[in-house]
Amino acid sequence: MISLAGLTMNYGQKVLFEDVSLSFDPGKRYGLVGANGVGKTTLLRILSNEETPTAGVVSVPRQAQVGVLKQDHFQYEKESVLNVVLRGRQELWDAMHEKEHLLESGQQDAETGHRLAELEGIIAEQDGYVAESFAAELLAGLGIGNAYHPGPMSALSGGFKLRVLLAQLLFRRPDVLMLDEPTNHLDIVSIKWLEAFLRDQFNGTLIFISHDRQFLNSVATHIVDIDYQELRLYPGNYEQFLDAKALNEEQKKKLIESQERKVAEMQAFVDRFRYKATKARQAQSRAKMIDKMEIPEIKRSSRIAPQLRFEQTRPSGKVVLQAEGLSKSYGPVSVLENISLEIERGERVALIGPNGIGKSTLLKLLLEQIPADAGNWEWGHEVSISYFAQDHHEQLQGKTSAYEWLYQYAPQETVSFIRGLLGRVLLSGDEAMKQVKSLSGGESARLLFARMMLEKRNVLVLDEPTNHLDLEGVDALAEAVAQYPGTVLVVSHDRHFVRHIATHILELTPEGARNFKGSYDEFLERFGDDYLSRDQALSQTRDSAPAKSGPSGAERREARKQLTRLERDAEKLERKIAEKEQEIESIDARFGAEDFYQNTPPEKVRELEKYKQRLTNRLNDDLKQWENVAEQLEKVKDLVGA
């Protein structure tokens with residue numbers, strides 16, 4: 001258990017939180033939420049001993065392993081991707097390499113044999129014989145295919161290198177896992193996998209920051225709210241936290257109103273009877289009561305949502321965009337191939353697909369920022385476009401202030417109008433005079449939205465617009481886009497945002513594009529399993545599936561046949577599993593025998609080791625098959641009432 005006692009953190013005059021006492025219990029998953037700048041990342045740094053608080057104590061059990069996602073992936077540039085993950089368990093990594101070195105040396109003396117036996121024990125204790133398959137499973141879940149596993153880290157982009165470091169951290173299996181925005185470099189498929197892993201397979205304490213509402217809802221068992229310069233713990237996921245916080249604030253407001261009403265009534269009595277002889281004593285008594293009464297202070301919440309509203313000066317023609325056969329390659333790598341689409345006025349089109357599939361490339365191609373290799377496209381009549389780039393530095397450069405930068409897009413407007421617009425995107429006062437190059441990611445995004453509100457174009461092209469926004473900002477943007485009368489083309493990995501705004505889904509895949517006119521939920525209902533490329537169906541689809549009536553007689557008869565077949569399959573797999581386990585135990589016994597390494601040639605040891613690895617891999621495959629069969633078996637038993 002991690003405990004905080006009297007924790008206070010200041011930066012100069014700015015108080016992030018004060019006199020906080022809180023505990024993080026084993027096995028629970030805590031989502032840290034709060035507006036940008038309130039201290040979420042600072043709290044993680046304090047918990048991981050990377051930063052010292054102004055006051056207070058953080059207690060972490062001495063034996064607890066704490067895992068924090070590293071950002072320095074350049075130290076591993078020449079190492080293979082798989083080995084970087086295996087380094088997550090340093091003791092295992094060292095034992096495996098020392099053992100390999102000793103076997104290659106060919107030494108057969110007693111000391112070497114004794115050391116090999118010790119290393120064998122460490123490897124077995126650390127699950128070393130299934131380590132590579134587990135590491136490969138983590139990489140695949142995070143969207144890094146098998147072809148990249150033996151290759152160097154230098155072959156991957158920065159975002160994928162961070163995925164490898166995340167896999168390394170998950171492979172380590174720490175007692176306490178701390179993650180700061182783990183979904184930032186993941187696509188929707190990988191986010192879904194990470195949700196399931198953290199929820200179903202990680203057994204330690206998880207403390208994480210995320211601006212992905214659905215991720216918070218799926219993973220968190222508790223929410224730690226940083227607001228009013230305090231930390232408050234709420235049980236449940238993010239939606240339950242919102243309800244509980246709203247209820248708390250409403251109760252506090254009613255308490256204050258009640259107290260104020262009592263004070264007003266007593267003050268009226270005092271004012272009326274202060275100088276009346278028969279009531280003077282009572283009036284004096286009530287005056288003293290008023291002095292003693294404390295009315296709770298209403299602190300201002302740090303949560304402030306921007307006020308976004310996108311408008312259009314004039315509508316476009318009915319057909320906004322027509323594209324046919326668009327293709328783009330970079331050298332031998334094909335990024336887009338034969339993409340065709342048509343967008344009509346008022347549609348909100350969400351481009352989805354795995355990272356690196358070409359979503360941002362397609363936007364830049366349509367905006368003529370890069371040339372197409374093949375195909376053609378045409379924007380419709382009266383189309384005017386506002387573009388939000390994923391990289392804010394593309395549009396925000398120089399030493400100009402936020403005010404001056406925005407003013408250049410509307411020099412005909414008054415100072416008060418521009419100031420007011422900046423205030424709506426939370427850049428008021430001194431914030432409006434900050435240089436654009438020094439703005440945070442969230443501030444830069446909101447400034448770009450202010451420019452788009454000024455432009456009043458009839459098409460919005462948005463490339464990952466939610467990346468740097470807090471939860472309140474994402475909700476405000478989603479509402480503004482949903483209310484916008486024009487046409488929207490957006491790339492986003494935020495499922496809550498896509499679900500709220502999309503009326504048309506364009507999925508990019510290695511095989512081409514899939515056009516679907518409908519909402520994100522309707523898309524998932526039809527293509528969810530295929531899109532996620534996972535064995536299990538989407539949890540949303542399962543949870544929202546209508547209840548079925550009881551099975552018919554024919555269904556029961558078919559289920560009984562299936563039950564017999566599944567029971568036979570389960571028995572067969574159980575026999576295979578038992579045989580392999582027995583054979584592996586026999587090999588382990590040989591490894592553990594006295595003088596084994598002295599009396600056995602190194603090449604024979606390596607041959608036996610490889611055979612054991614093959615057995616272990618097959619055993620894992622059999623176990624997975626058995627789990628699938630057992631799960632189906634339970635469902636069929638429920639159906640037939642067995």
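A crossing counts as left-handed if the near helix is turned anticlockwise from the far one by less than a right angle, and as right-handed if clockwise. With that in hand: helix 13 and helix 14 cross right-handed, where helices are DSSP runs of H or I, at least four residues, numbered from the N terminus.

Quick caveats. This is a predicted model, where local features need pLDDT of at least 70, side-chain atom pairs count only at pLDDT 80 or more, and totals for chains, interfaces and linings use all residues. Residues are numbered from 1 along each chain as its sequence is written, and side-chain values use heavy atoms, with hydrogens and water left out.

On confidence, pLDDT (the predictor's confidence in each residue, from 0 to 100) averages 84 for the protein chain, and 90% of the residues score at least 70.

Back to our pair. Helix 13 (residues 415–424) packs on helix 14 (residues 441–455) at about 130°, axes 9 Å apart; axes are lines fitted to C-alpha atoms over the stretch in contact, and angles run from 0 to 180 degrees between N-to-C directions. So helix 13 is oblique to helix 14, meaning not under 35 degrees (roughly parallel), over 145 (roughly antiparallel) or 65 to 115 (roughly perpendicular).

Now, Val164. Leaving aside neighbours within four places in sequence, Val164 contacts Val81, Val84, Val85, Leu139, Ile144, Met153 and Leu156.

Technical notes:
Contact means heavy atoms within 4.5 Å. Helices (H or I, at least four residues) and strands (E, at least two) are DSSP runs, numbered from the N terminus.
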